[in-house]
Amino acid sequence: MREVRRSRGLLVLPALIVAIAAAIPAAAGAQATATPPKVVKPELPAGTITKTYKVPLSIKSGQNLNLYDYIKADQRPSEEGWIIGFKPDLKLADGSTPPVDQIHLHHLVMLLNSDIVVASGEEKTRVTLPNGFGYRYKPTDRLMLNHMIHNLTATPEKVIFEYTVDFLPASAPAAAKMMGVRTQFVDVEGGKRYPVFDVKRNAGTNGRYTYPAQASASLAPRNRVPIQHDGTLVATAGHLHPGGLYTDLFVTRGDKTVKIFRSNAYYYGAAKLASWNVSMGAASPDWRVAVKKGDILSVQVTYDTTKAAWYESMGISPASLTNSPAGGVDPFDPAQYAQLDQREVLTHGELKENRDYGGRKTQGYADARKLADGPTLAQVAIKDFVYKQGDLTMPGKKGLPPLVAPGKAIKFVNQDPLREIFHTITPCKGACDLSTGISYPLADSAQVDSGELGFGPVGVTAAANRATWSTPTYLKPGTYSYFCRIHPFMRGAWRVKKPKATQR
Ligand SMILES: [Cu+2]
């Protein structure tokens, strides 16, 4: 696996401010608990070949790296034609699908030459273009995979990235009528190669936080994709992370902005918001929006902030734009806009690998609040996926929470390979003593967090580019349990001592 520098032009967007905050309807239509829309099977042109390709990848223990790989000739279609549909999957070497709480497809982006074709994440949204549209493909094109596969375990793994392509060969009669599209990558953090932001608990209003509208106005310029030629948007679906409610895709022309699609997150199972067990609403196959050169696309994402803090969150709404106009609704003509079909469809139902929520009683972890005091320490090392003092899995004295006096700090030091294994100290919601799954443990306030201790290319990886973190000195006396949000089986605690009674 190697890291390749991508050309700067790809995701860097011009810096202009777009004022779309006013266009957000307050709390309208967030249907995290609503009945999911129908799963729609795509209609494919005659002669379409559906084939699965395999790209083997080696994943280091605990890895959470953003990497690039070329897709080799035997891992991709061998003839000229049209890519119509794309379905991502991740398998272990034995063909089984790893549970999301152990190995996690953080994100996956396929690049054809320097264009993003499709992007996906753990929700594994299937991309299928409406009948008659496709991505033009030649076997000589450069095809690359940008992937971030997060190994939540301490064991190295061989995995296989599997992708299924609906492909129409150029020789098929239906190919003569195909119209080419290119993906407009509309991302709240557009311009960043690791496009994430943190959502603090209780941020925003009424338990909801819309980004970037409710963040600093200086963040808005990134979120801006200028349309380069007249055309028609024919497909879109949102991408967000646990805690996310919906993405909204907007188009701006002059001083007018209208919403052209809301992609809701439909969570399955008991854990609802706090999980990866989710399908995203995609635009229905007859969604068509006519856009003009100079129009601006942008996206907003809304998260729930009542349940937990959400780190390294995303908000993306890639949209497929035809290479020349293909009809559609003019979103700035009110009568036409009223006709825009904004109904959602799902591309798949619940996935079984997303079902282990965790949060069950287990013998594995001590309840830190009930433990005796450990030694007073200025420093705690992290090595071999263990916090060397106060790790809740450690028996005996090593498992007791280290003490610190009020106003003093404990410094945590990552001593694992700093370019490969990143650890965090993330305060836990609750005692942090239950089993690990996609909904447990959860982060508490986001007031206190170490960031990912480790090093990587700036802006490309999740690394904080430091090896150490010190606990804040303002903490009140008490026991602070925490976990590593990269390896959530890692749990620990520290304790701020009560101040000594002052002598009279
Ligand atoms: Cu860790």
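1. Leaving aside its neighbours within four places in sequence, with which residues is leucine 233 in contact? In this predicted model, the partners of leucine 233 are Ile260, Trp287, Arg288, Val289, Val291, Leu297, Ala319, Ser320 and Leu321. Three of these names, Ile260, Trp287 and Leu297, return in the next point, where they are listed with Leu233 among the residues with the most contacts inside the largest nonpolar core.

2. The largest nonpolar core has 42 residues, and those with the most contacts inside it are Tyr211, Leu233, Ile260, Trp287 and Leu297. Several strands each supply at least two residues of this core: S11 (197-199), S12 (208-211), S16 (244-253), S17 (256-267), S18 (278-280), S20 (289-291), S21 (296-304) and S24 (319-322). The strand that gives the most to this core is S17, with 5 residues. Apart from this core lies another, of 31 residues, including Val117, Phe133, Leu145 and Val181. As general background, nonpolar side chains in soluble globular proteins tend to be buried together.

3. The reader may next turn to an open sheet. Four strands form this sheet in the order S27-S26-S29-S31, and their pairing is mixed. Strands S27 (386-387) and S31 (468-470) stand at the edges; each has a single partner strand, so one side of each is left without a neighbour in the sheet.

4. The pairings within this sheet can be followed strand by strand. S26 and S29 pair in the parallel sense over 4 bridges, and valine 380 stands opposite phenylalanine 412 in S29. On the other pairing, strand S29 (residues 411-414) and S31 run antiparallel and are joined by 3 bridges. There, lysine 411 has serine 470 in S31 as its bridge partner.

5. Which cysteines form a disulfide? A search of the whole structure finds 1 disulfide, formed by cysteine 428 and cysteine 432, whose sulfur atoms are 2.1 Å apart. The torsion about the S-S bond of cysteine 428 and cysteine 432 is about 80°, so the disulfide is right-handed. Both cysteine 428 and cysteine 432 are buried. Another cysteine, cysteine 484, is also buried, with a relative accessible area of 0%.

6. Positive phi values are the next topic. Most residues other than glycine have a negative phi, and most peptide bonds are trans. Asparagine 206, although not a glycine, has a positive phi of about 50°. Asparagine 206 lies in the loop between S11 and S12 and is exposed, with a relative accessible area of 79%.

7. Is phenylalanine 385, with its 10% relative accessibility, buried or exposed? At that value phenylalanine 385 counts as buried, since buried means under 20% relative accessible area. Its phi is near 65°, a positive value in a residue other than glycine.

8. A search of the whole structure finds 3 cavities of 30 Å³ or more. The largest cavity holds about 560 Å³ of space. Of the 27 residues that line the largest cavity, the closest to its centre are His104, Pro242, Trp276, Tyr311 and Arg485. Strand S4 (103-112) and strand S22 (310-313) each supply at least two residues of this lining, and the largest share, 4 residues, comes from S22.

Methods. Residues numbered from 1 in each chain as written. Predicted model: local features only at pLDDT ≥ 70, side-chain atom pairs only at ≥ 80, totals over all residues. Heavy atoms only, no water. Core = buried A, V, L, I, M, F, W, Y, C linked by side-chain atoms within 4.5 Å. Buried < 20%, exposed > 50% of the residue type's maximum accessible area, 1.4 Å probe, protein only. Contact = heavy atoms within 4.5 Å. Pairing = 2+ DSSP bridges. Disulfide = S-S within 2.5 Å. 1 Å grid on protein atoms, 1.4 Å probe; cavity = no way out; pocket = protein on both sides within 12 Å on 5 of 7 lines; lining within 4 Å. Points joined across faces, edges and corners; volume = space filled by probe spheres on them.
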